[in-house]
Amino acid sequence: MPASATKSLRVAVLADSDTRWKWGALTANRIAPENSDIRLDGYLLRGRATPTARQLDEVGVRADALHEVTAVQFLHAMKEEPYDLLVLALVGGGVQAMLHGLGRIWGDAAADRVKRPVVVTGYVGVVYEKLADGLLLRHGADLVLANSRQDAERFRAVYEGVGAGAGSVTEVALPFLGGAAYTGGHDPSAQQGRGPYTVVFAAQPSVPENRRDRTYLLNRLVGHARRHPEREVLLKLRSKPGEHTTHIEELPYQKLVQRLDPPANFRLVYGHMGEVLDRTDLLVTVSSTAALESLHRRIPTAVLTDLGVREALGNHHFVGSGCLASWDQLDAGHRPVPDAEWVSRQGVAAGDASSGGGSYETAFDTARARIAELLDRPGGLPPLDPYYTPVTAPGYLPGLLARHHLGPDGTPLPGTPAAGKEPGPVRQIVRRAARGAYRHGVQRVAPVIRRMGEL
């Protein structure tokens, strides 16, 4: 392609966990206008879930530069660096704080600034709880991405229902779908040279959250391995003990399995989910987004009903999918068959003409076109306009901003460390020790206190 046909595009992604970094970086590449030469700068928000080097390597998404920052340091960088596109891959409260902080710094610099970047946010996966709360905290971004037709409809209904503009809602798809379609057939005994029939349980850090239920699921998984010695049974884990992901994991399966004596065909695995799915014949989970990745590849997928179909577990999202099943059914050889219309509405397996959906490769076309239009908008973009303001939410917004050391108007609170100043060696050691103590408290101390309280 001639150099003249390529446009340079500076992109920043702010993320607060390994999963959100993966979503944010992949989304940035998916929605960048065509013929863009992308420079991607990653910013990792300092906190309990800041990704470790191992987690970043496992995600496999590379950036041209990567920085660990506080919220105030990030805002300072956004004031100094001219970006074209900014992806906020954060929990809802973090998005809201950044929208107000960015609105303030870009407003203060309006006289000296030709344009601000296009601001994009969204969700990492299935939205099954706190729909209104999470959406309103994201309102104010130029684009609020919805990962499916169903989500886009729900998002617009919430915004319109409170009198907020819904024009930012843009339907896309999960950016990490892909991989080779499953060709293993329906006969577990006929693997066509693919190796042993492989069952994968995709674990989640916080679902279920109590020891009894997690132990139950682990026992059933190990039991399945014993019942089917000809199969390979894998427990796919998100993190190693001491690491945090988007959600806190108080009872890692690695520790629970130490009390068992699993058979030789049972193993714990880490790594990229896509690589694990390459050898999967049956994906089992409670409600992980991995189920959508699996369905996209046409891999038989089971969403467990053993602990009930409940909002607290998130598996209620899969009602109507055809994927709900119990371990008893799976032990007996059941292989769920997904409902084509349900799958289509979730934005997965979209390349299947029988599902009535379009191609996955065109799922990001609308977002790309909107961003290109906003980048070329004469006179730059208007100020950010979140639904929550000191007028609409005076009892809620100040607390959200204060968590990120911002005042009600989006300015740094007095006493906040200088934005451009890196902590000294002693402060870095103290910070690492504090983070380690926090994780130890979550994984060791808190469960003990909870058990004592149940006596």
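## Asp 278 and Arg 297

At 48% relative accessibility, Asp 278 counts as partly exposed in this predicted model. Its salt-bridge partner is Arg 297, and the closest N and O atoms of the two residues are 2.6 Å apart. Asp 278 belongs to the loop between helix 9 (273-277) and strand 11, whereas Arg 297 belongs to the loop between helix 10 (290-296) and strand 12. The pair is 19 residues apart and links distant parts of the chain. Arg 297 has a relative accessible area of 6% and is therefore buried, the limit being under 20%.

Strands of a sheet pair through backbone hydrogen bonds, either parallel or antiparallel.

Strand 11 pairs with strand 8 in the parallel sense over four bridges; within this pairing, Val 200 has Leu 283 of strand 11 as its bridge partner. Strand 11 (residues 282-285) also runs parallel to strand 12 (residues 301-304), to which three bridges join it. Here the bridge partner of Val 284 is Ala 302 in strand 12, and Thr 285 stands opposite Val 303.

In a regular strand the side chains alternate between the two faces of the sheet. In strand 11, Leu 282 and Val 284 lie on one side, and Leu 283 and Thr 285 on the other. These four residues are all buried, and both faces of the strand are covered.

At the start of the helix, a side-chain oxygen of Asn 210 comes to within 3.2 Å of the backbone nitrogen of Arg 212.

The buried residues of helix 7 are Asp 213, Arg 214, Leu 217, Leu 218, Arg 220, Leu 221, Val 222, His 224 and Ala 225. An α-helix has 3.6 residues a turn, so residues three or four places apart point the same way. The cover over the buried residues of helix 7 includes strand 8, strand 9, strand 10 and strand 12, together with helix 8 (253-256) and helix 11 (327-331).

The structure as a whole contains 20 salt bridges. One of the residue pairs is Arg 227 and Asp 331, with the closest N and O atoms 3.7 Å apart. This pair connects helix 7 with helix 11, the residues being 104 residues apart. Arg 227 is exposed, with a relative accessible area of 55%, whereas Asp 331 is buried at 9% relative accessibility. Both residues take part in a network of salt bridges that also includes Arg 220, Asp 306 and Asp 328. Arg 220 is among the buried residues of helix 7.

Glu 153 and Arg 345 form another salt bridge, with a closest N and O separation of 3.0 Å. Glu 153 lies in helix 6 (residues 149-161) and Arg 345 in helix 12 (residues 340-345), 192 residues apart. Glu 153 is partly exposed, with a relative accessible area of 40%. Arg 345 is also partly exposed, at 22% relative accessibility; this value is assigned to that class because buried means under 20%.

## Thr 50 in its loop

Thr 50 is located in the loop between strand 2 (36-45) and helix 2 (53-59). With 2% relative accessibility, Thr 50 counts as buried. Two polar contacts to the backbone involve its side chain. The side chain of Thr 50 reaches the backbone oxygen of Leu 45 at 3.1 Å, and a polar atom of this side chain lies 2.8 Å from the backbone nitrogen of Gly 47.

How values were computed
Residues are numbered from 1 along each chain as its sequence is written. This is a predicted model: local features need pLDDT of at least 70, side-chain atom pairs count only at pLDDT 80 or more; totals for chains, interfaces and linings use all residues. Side-chain values use heavy atoms; hydrogens and water are left out. Helices (H or I, at least four residues) and strands (E, at least two) are DSSP runs, numbered from the N terminus. Buried means under 20% relative accessible area, exposed over 50%, partly exposed in between (1.4 Å probe, protein chains only). A polar contact is a pair of N or O atoms within 3.5 Å; within protein, one must be able to donate a hydrogen and the other to accept it, and residues adjacent in sequence count only if both atoms are side-chain atoms. Two strands pair if DSSP finds at least two bridges between them. Contact means heavy atoms within 4.5 Å. A salt bridge is a side-chain nitrogen of Lys or Arg within 4 Å of a carboxyl oxygen of Asp or Glu.
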